[in-house]
Structures are given as C-alpha cells and as structure tokens.
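User: I have a structure to go through and a few questions about it. Can you take them one at a time?
Analyst: Go ahead.

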Amino acid sequence: VQLQASGGGLVQAGGSLRLSCAVSGRTFSSRAMGWFRQTPGKEREFVAAISWRGGGTYYADSLKDRFTISRDTVKNTVYLQMNNLKPEDTAVYYCAVGAYGSRRLGDFGSWGQGTLVTVSS
C-alpha cells in the first residue's frame, strides 16, 4: 500500500486546514488509518485514527475538540479536518496504516511522505 499526504500549508492561528491521505495499492479493510505529527527533535505523536471498514474514530485527548478524521472509501482517501489551529500544531503530518485502537507508533506502518503544516501567531 502507498500513502500520499497533502493539504498542508501556512495558516494563521485560528484558521483551518484539511489534510488528505490518498491510498493506493492493496486493500486493507480490516485495518485503520491514522494521522501522526512530528516536530524537529521530538518523537512522532499520535493525532487520530479511523477504522477503514466501520468508520469508528479516536483521537489524542488534547486534539479531539478541534480535529476530525474521516474517510471516503470510494475515493480511497482519509481526511483530517483541523480547526482553530494553534502555533503548537505546527508539524509535519503523516498518515499510516495500522491496528485499530492503537496509538502506538510501532503499530502503524506504510508511512506516507508527510505534509507540513505551519501555523503563524
């Protein structure tokens, strides 16, 4: 499976962005799609995940009120809607395939190349 993340850019604090992750290759109906983010010098951290089959979602506790993950099984695309963005949301955002219910980096793979989100104050 190949993942291609896009939609990053520069936005002012309080603004919104929607990231996309296009999926190609073999299907994975039993797995989940996750978003992680990483800033320089820090470990990649979990943001949100969604069950590809059932659409169930879960989030990092600190982000669940502002971020929404969704998927389009026809377009084979996963989205991350980010609202009320803050400067601390600045990071490279990655999508990956993994085990539903997990927030662990090691339970996800097939990482896309990442898309940079920069939030200015």
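User: Is Thr-68 buried, exposed or partly exposed?
Analyst: Thr-68 has a relative accessibility of 40%, so it counts as partly exposed. Keep in mind that this is a predicted model.

User: Where is Thr-68 in the fold?
Analyst: Thr-68 belongs to strand 7, which covers residues 67–72.

User: And which residues is Thr-68 in contact with, leaving aside neighbours within four places in sequence?
Analyst: Tyr-59, Tyr-79, Leu-80 and Gln-81 are in contact with Thr-68 on that basis.

User: What about Met-82, how far is it from Thr-68?
Analyst: C-alpha to C-alpha, Met-82 and Thr-68 are 6.6 Å apart, and in sequence they are 14 residues apart. Met-82 sits in strand 8.

User: Buried or exposed, that Met-82?
Analyst: Buried: the relative accessible area of Met-82 is 0%, and the cut-off for buried is under 20%.

User: What does Met-82 touch, not counting residues up to four places away?
Analyst: Met-82 touches Gly-15, Ser-16, Leu-17, Leu-19, Arg-66, Phe-67, Tyr-93 and Val-117.

User: Next one, Thr-57. Which strand?
Analyst: Strand 6, residues 57–59, contains Thr-57. Its relative accessibility is 35%, so Thr-57 counts as partly exposed.

User: Changing topic. How many disulfides does the structure hold?
Analyst: One. The disulfide joins Cys-21 to Cys-95, with an S to S distance of 2.1 Å.

User: Which parts of the chain does the pair link?
Analyst: Distant ones: Cys-21 is in strand 3 (residues 17–24) and Cys-95 is in strand 9 (residues 91–98), 74 residues apart.

User: Left- or right-handed?
Analyst: The torsion about the S-S bond of Cys-21 and Cys-95 is about 70 degrees, so the disulfide is right-handed.

User: Are the two cysteines buried or exposed?
Analyst: Cys-21 and Cys-95 are both buried.

User: What does Ser-20 touch, leaving out residues up to four places away in sequence?
Analyst: The list for Ser-20 is Gln-4, Ala-5, Ser-6, Trp-35, Thr-77, Val-78 and Tyr-79. Gln-4 and Ser-20 are 16 residues apart in sequence, with 8.0 Å from C-alpha to C-alpha.

User: Backbone now. Which residue has a positive phi of about 50 degrees although it is not a glycine?
Analyst: That is Asn-84. Asn-84 lies in the loop between strand 8 (77–82) and strand 9, and it is partly exposed, with a relative accessible area of 43%.

User: And which has a positive phi of about 55 degrees?
Analyst: Ser-110, which is not a glycine either. Ser-110 is in the loop between strand 10 (108–109) and strand 11 (115–120). Its relative accessibility is 36%, so Ser-110 counts as partly exposed.

User: Zooming out, how many helices and strands does the chain have?
Analyst: Zero helices and 11 strands. The radius of gyration of the protein chain is 13 Å, close to the 14 Å that the globule rule gives for 121 residues, so the chain is as compact as a globular protein of that length.

User: What does the C-alpha trace span along its principal axes?
Analyst: About 40 × 30 × 25 Å.

User: How much of the chain counts as buried?
Analyst: 44% of the 121 residues. The accessible surface comes to about 6100 Å², and 45% of that belongs to carbon and sulfur atoms.

User: What share of contacts comes from residues 24 or more positions apart?
Analyst: Such residues account for 55% of the contacts with a separation of 6 or more.

User: Last one, charges. How far apart are the mean positions of the positive and negative charges?
Analyst: The chain has 14 positive and 8 negative charges, and their mean positions are 6 Å apart.

Terms used. Residues are numbered from 1 along each chain as its sequence is written. This is a predicted model: local features need pLDDT of at least 70, side-chain atom pairs count only at pLDDT 80 or more; totals for chains, interfaces and linings use all residues. Side-chain values use heavy atoms; hydrogens and water are left out. Helices (H or I, at least four residues) and strands (E, at least two) are DSSP runs, numbered from the N terminus. The radius of gyration is taken over C-alpha atoms; the globule rule is 2.2 Å times the number of residues to the power 0.38. Buried means under 20% relative accessible area, exposed over 50%, partly exposed in between (1.4 Å probe, protein chains only). Contact means heavy atoms within 4.5 Å. Accessible areas come from the Shrake-Rupley method with a 1.4 Å probe; for residues, only the protein chains shown count as cover. Lys and Arg count as positive and Asp and Glu as negative; His and the chain ends are not counted. The place of a charge is taken as NZ of Lys, CZ of Arg, CG of Asp or CD of Glu. A disulfide is a pair of cysteine sulfur atoms within 2.5 Å.
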